[in-house]
Amino acid sequence: MESMTTCESLREEFSKVRREYFKENARFCRRCKTTKHKIHLHHIRSLMDGGTNDFENLAPLCSTCHSEWHKFFESYVTFDEFLEIPNVKGLIAVWRLLDVEQYQELTPRQLKELSLKAWELFNVWKNSDEYEPYDASAD
């Protein structure tokens, strides 16, 4: 683990690095590809664990995906594996379309592709005249 002095100096340097990063790179979430939410710049290897502010150690994540990483996945999967897991909104859309047995047969890549398509379709449906909000208590 790096000393607090090193971490503190890297944190101070980070706001400048963040501005530079977004001057050179598009503002979209590396996981769900959205551009509509606030984009955070995530350290793949944390500063406390010896990570750096080098661009290779930074990944843009929307606020939802960034929160999901730290709340649910950080201790269980690698960051690259996390990028292949659909976000919660995508999973909800998939679960509305599939039963559990079908869901378990899909590869992570297939699930991600399906969840993105399902979310896209859900948003189209939500904006249609036929939309009725899902009521989980009715199940």
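Guide: Trp69, Phe73, Phe79 and Phe82 form one aromatic cluster, where rings of Phe, Tyr and Trp (its six-membered ring) pair if their centres lie within 6.5 Å, planes under 30 degrees apart counting as stacked, over 60 as edge-to-face and the rest as tilted. This is a predicted model, in which local features need pLDDT of at least 70 and side-chain atom pairs count only at pLDDT 80 or more, while totals for chains, interfaces and linings use all residues. Residues are numbered from 1 along each chain as its sequence is written, and side-chain values use heavy atoms, with hydrogens and water left out.

By the ring rule, the count comes to six aromatic pairs. One of them joins Trp69 and Phe79 edge-to-face, at 5.4 Å centre to centre and 85° between the planes. This pair links distant parts of the chain, since Trp69 lies in helix 2 (residues 63–73) and Phe79 in helix 3 (residues 79–84), 10 residues apart; helices (H or I, at least four residues) and strands (E, at least two) are DSSP runs, numbered from the N terminus.

Trp69 counts as buried because its relative accessible area is 5%, and Phe79 is likewise buried, at 7%; buried means under 20% relative accessible area, exposed over 50% and partly exposed in between, with a 1.4 Å probe and protein chains only. Of the 139 residues of the chain, 30% count as buried.
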